[in-house]
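Below is a short report on a helix pair, a strand pair and a chain contact. Look over the sequence and the structure before reading on.

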Amino acid sequence: MAKVTIDGIEIEVPDGTSILNAARMIGGDVVPPAMCYYSTLKETGGKCRVCLVKVTQGSAKDPRPMPKLVASCRTNVMDGMVVQNITSPEVLEARKGVVEFLLINHPLDCPICDQAGECDLQNLAYEHGAAKTRYEEDRRTFEKIDIGDKIKLHMNRCILCYRCTFVADQLTNNRVHGVLNRGDHSEISTYIEKAVDNDFSGNMIDVCPVGALTDKTFRFKQRVWFTNPMDAHRDCPKCSGKVVLWMKGEEVLRVTARKDQYAEVKEYICNECRYDHKDITHWKVEGPRHIDRGSVISQNHYERIDLQKLKKEVERQLEFQKGKPLPEPNSLNA
Amino acid sequence: MESLSNRSKVVSNKEMTFLERIYLPAVLSGIAITIKHLFRRKATVSYPEVKREFSKIWRGHHVLKRDDKGAERCTACGLCAVACPAEAITMTAAERKKGEENLYREEKYASVYEINMLRCIFCGLCEEACPKEAIFLTDRLVYTDFARDGFIYGKDKLVEKVDERIDVTVRQTPAVLEFKKHKQLSHNK
């Protein structure tokens, strides 16, 4: 076990845990954002650089600070390590720069993009980025590609997180797509548009943090915030069958896997569940999906609040906040 | 209890004086007020012949703008509908086909765009939400009708005609007008 302090909050985690995962065990604001790291895919991380944190004390034995900001998803904790995330202005400044870099070639076509409203890059830019762009040159552009008959690839929007190639590598048995070329010219390719026809290939839509890979059966059907997400399941011989149905009225517009609070899928679903069962009678609906209050999808979304769970979460947060000074109340004379 | 507004008056039921009982002074003062108003400027105008001047930023009948080349600017992003407090706006998106580049500006467009003018409260939040400068409120009036169906305005009534452009520059903020000047930025290409 290793004792690590992140933003003044101490926690004991097993050896070999990454800083990012240690922060996630604490939860709340101290969790660094991640665009490429994916907990259910092996060897992801280290590519997008948004999870950079400052290590002010390497370990109890060697208390020197690390010379540069480190990627928290790829750096493991040491006993006695002290990490700064949101308490370090240097980290916030660096993150702002990283967001600007990610957006350099991003087309910013959110009004068209089907991912808008549930896009990690949109959230990241909103929380950490600058309001204005300084980029005046032409952005790199690619033609749209059909990956199979169910997936559309908008290479313009891709931030090269490599998550989808890890899905192809680890979830399906023969990988037919990867990243071609280098640097600015890198692009996801299916080796001359070879169809991805594996039972779990649809999961690359869910792992894509931006709108580069989108569901063609849902393409331009409805904006995500006008749909109602419902938890549902069915007996599926291939996968767990636990999904989210995105409905409009009685109509099922889209089926996705369930994502956790860090927008990561824990149980992948098969293509049959995703594409072939767009009928409410095929599913057993459990109830409305929990949607974060801050999300645009939560508009007109009603769900039962689990008071027990809420109380537990508040108590857990209070435990970590113990001993920290409370924010000053607003003065009336100011 | 003490009044909060201090505007309430205590009603008294006191006996009227002789002058009050004959009512004549009160009637005469009433007539005087009526005669005075005959010589005042009229508060009304006789509408179709005379029209009132509108404020420059009057919020009336919406317009869906076209760009300089005549292509529709709306991409059916749904931000106006989500911003609309009256839920008056609905739309259906469609994908632009090859050869329609001169009709629609982006790869997605609104195949159906409807505003229910009975629901609309003309608050202007839709034009504020629009990221594509597609929807604006204009100084045109929404006409009356006897049936409710006629108040659901589709694209036929909302999209501006290619040969009858509607000038909305007065409605754009100085920041937007300044931003549009920079022709080298990809946004304005």
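At roughly what angle do the axes of helix α2 and helix α3 of chain A cross?

## Helix packing in chain A

This is a predicted model. In chain A, helix α2 covers residues 89-104 and helix α3 covers residues 120-128. Their axes come within 10 Å and cross at roughly 140 degrees. The crossing of α2(A) and α3(A) is left-handed.

Which residues make the contact? From α2(A) come A:Arg95, A:Lys96, A:Val99, A:Leu102 and A:Leu103. From α3(A) come A:Leu121, A:Leu124, A:Ala125 and A:His128. By class, the contact of α2(A) with α3(A) has six nonpolar residues, one polar and two charged.

## A strand pair in chain A

Strand β14 of chain A spans residues 284-288. How many of its five residues are buried? The count is zero, and β14(A) is hardly covered.

Strand β11 of chain A, residues 228-233, pairs with β14(A). The sense is antiparallel, over four bridges. A:Asp231 stands opposite A:Gly287 in β14(A).

## Where chain B touches chain A

The contact draws 15 residues from chain B and 12 residues from chain A. Which element gives the most to the chain B side? Strand β2 of chain B, residues 89-95, does, with three residues.

Technical notes:
Residues are numbered from 1 along each chain as its sequence is written. Chains are lettered from A and ligands numbered from 1 in the order in which they are written. This is a predicted model: local features need pLDDT of at least 70, side-chain atom pairs count only at pLDDT 80 or more; totals for chains, interfaces and linings use all residues. Axes are lines fitted to C-alpha atoms, for helices over the stretch in contact, and angles run from 0 to 180 degrees between N-to-C directions. Helices (H or I, at least four residues) and strands (E, at least two) are DSSP runs, numbered from the N terminus. A crossing is left-handed if the near helix is turned anticlockwise from the far one by less than a right angle, and right-handed if clockwise. Two residues are in contact if their C-beta atoms, placed from the backbone, lie within 7 Å. Ala, Val, Leu, Ile, Met, Phe, Trp, Tyr, Cys and Pro count as nonpolar, Asp, Glu, Lys and Arg as charged, and the others, Gly among them, as polar. A residue is buried if 20 or more other C-beta atoms lie within 10 Å of its own, exposed if 12 or fewer, and partly exposed in between; C-beta atoms are placed from the backbone. Two strands pair if DSSP finds at least two bridges between them.
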